[in-house]
Amino acid sequence: MGDSDKMNHCKLIFRFFAFTMLLFVNTVISGEDLILWYDSPAVEWTEALPVGNGRLGAMVFGGISSDRLQLNEESVWTGHPVERRNPEARKYLKKVRELLFAGKYSEAQQLAQEKLVGTRLEPGLHTYQTLGDLTFRFENVKKAVDYRRELDLADAVARVSYTIDNIAYKREIFSSAVDQAVVYRMECDKPGKLSFTVTYSRPGNNSKIIILQNNIIATEHIGSGDGVRLEAQIKLLNEGGAVKPVENGLSVENADAVTIILVAATDYRGGDPHALCEKYMAGVSGKTYQNILASHVQDYLNLFNRVELDLGRTDAKYFPTDERINAVKRGSPDPGLIALYFQYGRYLLISSSRPECLPANLQGIWADGLYPPWNADYHININLQMNYWPAEVTNLSECHLPLFDFIDELVPYGRETAKNMYGCDGSVAHHTTDAWHFTEPIGQVHWGLWPQGLSWLSLHLWEHYQFTGDREFLATRAYPVLKEAALFFTDYLVEDPNTGYLVSGPSISPENTYLTADGQRANMCMGPTMDQQIVYDLFGNCINAAEILDKDEKFSNKLRNLRERLAPMRIGGDGRLMEWTEEFQEAEPGHRHISHLFGLHPGRQINNVETPEFMKAARKTIDYRLAHGGGHTGWSRAWIINFFARLLDGEKAFENVLALLSKSTLPNMFDTHPPFQIDGNFGGCAGIAEMLLQSHAGEISLLPALPSAWKDGRVSGLRARGGYTVSMMWKDGVLNSAEIQANLDGICRVRVPAGNAVRNISEAGKDIHFNKNAQGLLVDFQVEKGQTFWLEFE
């Protein structure tokens, strides 16, 4: 742009100032906007409301004559570390590759099934399980009125209230990370009107339960001795009235108020469950209820309050949440419900993934019974990764840490698998794992023989560095894992004799199936597109990390040479991105996995700037899948939201947000596969953020996929790669203003939506440059850590 054009677009004002939120002081989210509420107790588990502190969780049913509090502790796992490797795998690896290169796909798959894939244990042998139930039975219960059950995301407290005979009853339930306890408080507005029994139970009735004064203590070695040892302690603190023991529990008569504190622990990490419970209980039971509550809320809000989202509101907020979901199914607009869904995703991540905890599993930390679906394990062919898509962009970086700890624990097991199964250096993991960190391929070829689990997970460490700029983390945590994963593929890649390119394999496009020329169903090939994309990103991230750290130049050069020889993405004759090395006919054209679009999201190979032709191919790929029934699972629909956001199509992204709410959301707003899987909640949350802000292509793109339905709105506190915190306000579909805080030194490149002109820039940097193209206006700033600038638009 020339000087005159610049003057037409903006007036520059340079000044230093402290970080403020001047753009947003006059718009405050109402408390009602952050509440899930219902006018009746939960009957089904998927109607109950979750509370959690990252380690301890509970599902709140809110019954009147009786109530159930279903409990979880993150490490209640059956099983133990066990090797599942097929001992003949290394011997037959070369033969399987030869068959695949020769186009003998069915023969190769049969041999791989017999000789490469390891043992899949029977469901339930190695599984996550419930901690148990607290069951409450209340005396002399008559008809209740003014019933309300709610979960308030503004303080992470579930509440139940109702009135019987002009007596108002209230309960508050939360899980405190500060005190490592689940707290259940009961009150009424007239003295001596609380009478009930509370008992502990666990499916199987194998727990040893003892009653000591006002305490219930339960212990069990789960899995019939093949699993962790657990202990749960429940202390009842009554205000007025009397307490006496009953079978497996306690009875309360004529109390004014009661606080019940539950702590639990296992020996998963080697500690003594009893000693840990004693420590937790001693720390919390001497505090007043109000102090416990206040410290819980303060700790939670330190994370939750970082981001606000307002997409507008309607009178729908005055209706129960389940009715709002049903109304969306009928086509009623409810932007407030979408904002609530977004914040609920952040709430669930805070509640299921805190530092020094296990990562969120397929169900977060909330699972009922002894046999949850898929063992509530860690599927690492998308599901665990999707759980953490919102961690960085929605300003919950600390919640990402449990995943990194888990990856660190996975790597040594992966080294053994790489060496013993493939004869390779480095570390590898396949499609799934569990709390015992197995890394071998198990079960069936069409899901198990996929060696990209660890390599995909390792990209999360690079993303954390991209958002935070934490050089120490890069050096001590991220780079060692990236190098281990990359080192494996320096050995595992082989040259395709038909093309001369390097390919990964044998492998699959996760869980999808193609038809061979003679009509047989098969899954394996050499160099499926997703494998190639992941390895391309992995090598690139490892090279970049080594350059930043000024180390391993020889290894980096090796990766560069290998990456240049990787088989590239290809577009088929119908204009779609090819999923396999040949244009096979798909056996399931509407399959839930759209793995070959990894390069669009969460990868970055496919973008408007560098690969516009692949953007078009990606769009045709998604349209074809949807036309044939794709997106029918919750997490798949969530992925599609992210795809359309990256394609800069806000209307289609919004259409799929509505589909996620109307087709894959349970009454308590849990995502359903079906059955319940939490990944869709996290993927949907991340997709909404991706519609508002993107930063994967080396620039901060403001409102890249804003749908017309979100006509007016604002968001504050989202994070962008490069260490930026971004807030925006828009009206009539046009960006009004943006505030960007720099947490690192560097060049900040901002892409302004097409149709917007910059009216004013106030900032503390210098060397401002402009470049306008079809995608909008690019504005470059040089910034220093701690500076904040804002842009005003017209």
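Me: Which residue in β4 is the bridge partner of Pro50?
Reply: This is a predicted model, where local features need pLDDT of at least 70 and side-chain atom pairs count only at pLDDT 80 or more, while totals for chains, interfaces and linings use all residues. Numbering starts from 1 along each chain as its sequence is written, and side-chain values use heavy atoms, with hydrogens and water left out. Strand β3 runs antiparallel to β4 (residues 56–60), and four bridges join the two. In β4, Pro50 is bridged to Met59.

Me: Which strands stand at the edges of the seven-stranded sheet?
Reply: Strands here are DSSP runs (E, at least two residues), as helices are (H or I, at least four), numbered from the N terminus; two strands pair if DSSP finds at least two bridges between them. The open sheet has the order β3-β4-β5-β6-β11-β16-β15, with antiparallel pairing, and its twist averages 20° from one strand to the next. An edge strand has a single partner, so one side of it is left without a neighbour in the sheet. The edge strands are β3 (49–52) and β15 (242–246).

Me: Is Asn86 buried or exposed?
Reply: Asn86 sits in the loop between β5 (66–73) and α2 (89–101). Leaving aside neighbours within four places in sequence, Asn86 is in contact (heavy atoms within 4.5 Å) with Glu114, Lys115, Leu116, Val117 and Gly118. The cut-offs for relative accessible area are under 20% for buried, over 50% for exposed and partly exposed in between, with a 1.4 Å probe and protein chains only. Because its relative accessibility is 9%, Asn86 counts as buried.

Me: How is α14 oriented to α15?
Reply: Axes are lines fitted to C-alpha atoms, for helices over the stretch in contact, and angles between N-to-C directions run from 0 to 180 degrees. Under 35 degrees counts as roughly parallel, over 145 as roughly antiparallel, 65 to 115 as roughly perpendicular and the rest as oblique. Helices α14 (residues 529–549) and α15 (residues 553–564) pack at about 150°, with axes 9 Å apart. That angle makes α14, relative to α15, roughly antiparallel.

Me: How is α7 oriented to α18?
Reply: In α7, Leu337, Ile338 and Tyr341 meet Phe654, Val657, Leu658, Leu660 and Leu661 of α18. The axes of α7 (residues 335–352) and α18 (residues 650–663) come within 11 Å and cross at roughly 75°. That makes α7, relative to α18, roughly perpendicular.
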